[in-house]
Amino acid sequence: FGGQHIWKAAPVVLETLREHGRLLSTKDIVHSYPHCWRHKTPVIFRAAAQWFVRMDEGQGVFTTNKADKTLRQLALDAIDQTSFYPENGRARLRDMIANRPDWCISRQRNWGVPLPFFLHKITGELHPDTLAFIDRAADLVQQGGVEAWAKLDVAEWLGAEAEEYSKSTDILDVWFDSGSTFFHVLNPEQGSHPTAGHAQGPEADLYLEGHDQHRGWFHSSLLVACAIYGRAPYKGLLTHGFTVDSQGRKMSKSLGNFITVHDLLSKGVRGEVIRFALLSTRYNEPLDWSEKLLADAKKVIDRLYRIAPLASGEVNTEVLDALRDNLNTPKAIAILQTLTGPELKATANYLGFLTQTAEGWFQGEGEDTLWIEVQIDARNAAKKAKDFAKSDEIRDLLKAKGIILEDSATGTTWRRG
C-alpha cells in the first residue's frame, strides 16, 4: 500500500483483509473526529517511537542527579507562588499540570531544532556518549544553523561505529522552543536582553496571552523552568479574552473573519474611537468586535469632548489632553481609567457606564445638572481625604449658583434655592 493516499488506502486495506479472511466485521459509524486547528483537515493517527520528559518518579535515560521532587510536584508548587489575573486561571493551569501525561517532546517534521541522537540500528538504544554529543551538536548548530545536523555525516562523529547507528531525524516540540524563551531572552549571562529581567528568582514579572496558553506557552514555560531551576519563569500570568466576530467565532487568518486597523482607518474610523472601543471591554472576556462596538465607542468619545469642559480644575485639563492625544499614550489611558474613580463617578455615570441618567443629558437635557453632580462628587472626595477647605470651597461655589446641599447618612442631595 506504499505510496497511496492514506484516506484512499483505507478501503483497499479493508478489502484485502476481507479477501484473506482476516476481517471479522466492518461498518460505518458517524462520530466526532479530531481536526487540525489550523488547516481544518482530519488528523492522521500514526504510531511512532517518541521521546518524553517524565513528570513523575522513575529513571530516565539522562538521569544523573535526581531532584528531591518530581517535575509535576515542582510545577504544582510553582503555581502556588504565581499570581494570576484573573484568579480563575490558577485552577485551570493547576488541573492541567496535575492530570497531564508525560511530556512528548519529539516531533516528526522536516524542519526545526534537531534532537541530536544516534540510535543503534538493532536495539534502538541511544549511543552511550549521547550527552557529550548533545553539547557538540549545540556548537554545530550555533555555527551552521539547524540544517547543520541534517547535513552531518554520521561517520564524521562515530567513525567505525557509523555502520551500527542511525542519525535521528526527529525535531524538538516547538512548545519546548517557546517555553525556553525566558532563558534565551532574559538570562543574565546568555540572554538576548540580559538586563531586562530579574537576575534572581523568576526572570519575568508577567506573561500575557490568551486562555488557550494555559496548555501552551504558560504551560511549557513552567515545565522548562521547573526542570532547570525548580521554579516558574514568571511572577504572574495574565489571561485575556479572544477577539471574536459578530457570530462569536474567534477571529483568525484561516477563517478570514478578521479586520485590520488599517481597514478601520481607511473607512474613516478615528484612532481614538478604536482605542476607546478596546478600553471599554474587560480584558479577560471575549472582545466582541462589531460595528455596534465602534458606534458605541464613537458616541462615548463624542460625549467626552462635550463633557470635558464641564469638569473642574486638573481633571478638565487632563481629560482634554488625553482626547487631544487620541488616547495614544499610557498616561492618556490612565487618565480615562480614573473616570471610574470617586472624583469622576458622576462623569462616568453620564458617559452611560453606570446609569441611564446619561441618556437624557446627551439628548440635550441636564447639562447644568451634570456640572452639579461632578462638583458634588469632587466635594465628597475632598471630605473623604479630610480636605475640608476644598469641601467648603465647593459648597460655597454651588451656593453662589443657588444650589443648596443637604448631607445625610445616605449621601448628599441638592436642590435649587
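K386 lies in the loop between α17 (367-384) and α18 (388-400). Its phi is positive, about 60 degrees, although K386 is not a glycine. K386 counts as exposed, at 66% relative accessibility. The model is a predicted one. The protein has 417 residues, of which 35% count as buried.

**Overall make-up**

- The protein holds 18 helices and 13 strands.
- Its exposed surface comes to about 26000 Å². Carbon and sulfur atoms supply 54% of that area.
- Take the contacts with a separation of 6 or more: residues 24 or more positions apart account for 60% of them.

**Backbone features**

- K40 is another residue with a positive phi, about 65 degrees, although it is not a glycine.
- K40 is found in the loop between α1 (6-19) and β1 (52-53). With 45% relative accessibility, K40 counts as partly exposed.
- Y85 and P86 are joined by a cis peptide bond, with omega about -5 degrees.
- P86 sits in the loop between β2 (83-85) and α3 (89-99).

**Salt bridges**

- The count of salt bridges comes to 15.
- One of them pairs the side chains of R379 and D407, at 3.0 Å from N to O. This pair links distant parts of the chain: R379 is in helix α17 and D407 is in strand β12 (residues 403-408), 28 residues apart.
- R379 has 6% relative accessibility; the cut-off for buried is under 20%, so R379 counts as buried.
- D407 is partly exposed, at 44% relative accessibility.
- D407 also forms a salt bridge with K383, where the closest N and O atoms are 3.7 Å apart. Here too distant parts of the chain are linked: D407 in strand β12 and K383 in helix α17, 24 residues apart.
- K383 has a relative accessible area of 30% and is partly exposed.
- D396 and R395 meet through their side chains in a salt bridge of 3.4 Å, N to O. Salt bridges that share partners join R379, K383 and D407 into one network.
- D396 is partly exposed, with a relative accessible area of 40%. R395 is partly exposed as well, at 36%.

**Charged surface patches**

- A patch of positive charge on the surface gathers R38, K40, K250 and K253.
- K253 belongs to the loop between β10 (243-244) and α10 (261-266). Its relative accessible area is 70%, and K253 is exposed.
- A patch of negative charge on the surface gathers D129, E161, E163 and E164.
- E163 is found in the loop between α6 (154-158) and β6 (165-167). At 66% relative accessibility, E163 is exposed.
- Patch members need over 30% relative accessible area and no salt bridge. K253 at 70% and E163 at 66% are over that area cut-off.

**Buried helix residues**

- T130 is in helix α4 (residues 130-144). Its relative accessible area is 3%, and T130 is buried.
- Apart from its neighbours within four places in sequence, T130 is in contact with F62 and F117.
- F218 lies in helix α9 (residues 217-229). F218 has 0% relative accessibility and counts as buried.
- Residues up to four places away in sequence aside, F218 touches Y207, L208, E209, G210, Q213, Y234, L237, L238 and T239.
- F218 and P233 are 15 residues apart along the chain, and their C-alpha atoms are separated by 9.5 Å.

- G230 has its place in the loop between α9 and β9 (234-240).
- With a relative accessible area of 33%, G230 is partly exposed.
- G230 and K69 are 161 residues apart in sequence, but their C-alpha atoms are 8.9 Å apart in space.
- G230 touches L74 and A225, not counting residues up to four places away in sequence.

Note on methods. Residues numbered from 1 in each chain as written. Predicted model: local features only at pLDDT ≥ 70, side-chain atom pairs only at ≥ 80, totals over all residues. Heavy atoms only, no water. Patch = residues over 30% accessible without salt bridge, like charges linked within 9 Å, V, L, I, M, F, W, Y side chains within 5 Å. Areas by Shrake-Rupley, 256 points an atom, 1.4 Å probe, with all protein chains shown as cover. Salt bridge = Lys/Arg side-chain N within 4 Å of Asp/Glu carboxyl O. Lys, Arg positive; Asp, Glu negative; His and termini not counted. Charge placed at Lys NZ, Arg CZ, Asp CG, Glu CD. Helix = DSSP H or I, 4+ residues; strand = E, 2+ residues; numbered from the N terminus. Buried < 20%, exposed > 50% of the residue type's maximum accessible area, 1.4 Å probe, protein only. Contact = heavy atoms within 4.5 Å.
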